[in-house]
Amino acid sequence: EATLSRWAIEALSLSAWIEGDAGNLAEARDLHEEAITFCAPHYDKLRIEIIAFHLMSFMVILERWEEAARFDGFHLANLSRPEPEIYDTHHEPARSAYMAALGDRAKQLIDEGKETTGQQLHDYALGVLAEVRTQLTDT
């Protein structure tokens with residue numbers, strides 16, 4: 001079975017984030033799916049954490065606030081390194097957007113994400129991305 005290094009997975013995930021930020025949503029979705037798929041069968045939280053972080057931003061673009069909060073929670077619970085300052089510029093607006101949209105529910109959903117295992121996050125992400133495929137096809 002195919003597996004990729006953490007750095008290759010991070011590069012795929014970063015590419016997905018860039019495509020999403022540029023408005024290429026179908027391409028972003030496909031790259032996110034590719035990145036998360038390569039996390040099986042080991043479900044390494046350090047590999048999945050960066051994908052969850054980029055998925056948070058993608059969910060905000062799609063206004064899927066609950067998913068954004070859960071992905072962010074997983075990211076926050078499994079940080080492999082301190083968030084660099086560049087994250088403030090690129091990701092704080094996304095974090096602020098879902099927090100504003102969810103209000104009091106945000107903390108509960110972040111906590112759900114924090115308690116998720118690597119395998120649960122992997123399976124959840126694939127399910128969400130399948131829904132996103134339908135969402136993007138219908139619009």
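Glu49 is buried but forms no salt bridge, and the nearest side chain of opposite charge, that of Arg6, lies 5.4 Å away. This briefing concerns a predicted model.

**Surroundings of Glu49**
- Glu49 belongs to helix 3, which spans residues 45-61.
- Beyond residues up to four places away in sequence, Glu49 is in contact with Phe74, His75, Asn78, Leu79 and Ser80.

**Helix 5 and helix 6**
- Two packed helices are described by the distance between their axes and by the angle between those axes.
- For helix 5 (residues 85-102) and helix 6 (residues 105-114), the axes come within 7 Å and cross at roughly 120°.
- Helix 5 is therefore oblique to helix 6.
- On the helix 5 side, Tyr98, Met99 and Leu102 take part in the contact, and they meet Arg105, Ala106, Leu109 and Ile110 of helix 6.
- This contact between helix 5 and helix 6 comprises 6 nonpolar residues, 1 charged residue and no polar residues.

**Backbone features in the loops**
- Most peptide bonds are trans, and most residues other than glycine have a negative phi.
- The peptide bond between Ala40 and Pro41 is cis, with omega of about 5°.
- Pro41 lies in the loop between helix 2 (25-37) and helix 3.
- Tyr43 is also found in the loop between helix 2 and helix 3; although not a glycine, Tyr43 has a positive phi of about 55°.
- Glu63, in the loop between helix 3 and helix 4 (65-77), is another residue other than glycine with a positive phi, near 60°.
- Glu63 counts as exposed because its relative accessibility is 56%.

How values were computed: Residues numbered from 1 in each chain as written. Predicted model: local features only at pLDDT ≥ 70, side-chain atom pairs only at ≥ 80, totals over all residues. Heavy atoms only, no water. Axes fitted to C-alpha atoms, helices over the stretch in contact; angles between N-to-C directions. Helix = DSSP H or I, 4+ residues; strand = E, 2+ residues; numbered from the N terminus. Parallel < 35°, antiparallel > 145°, perpendicular 65-115°, else oblique. Contact = heavy atoms within 4.5 Å. Nonpolar A, V, L, I, M, F, W, Y, C, P; charged D, E, K, R; others polar. Buried < 20%, exposed > 50% of the residue type's maximum accessible area, 1.4 Å probe, protein only. Lys, Arg positive; Asp, Glu negative; His and termini not counted. Salt bridge = Lys/Arg side-chain N within 4 Å of Asp/Glu carboxyl O.
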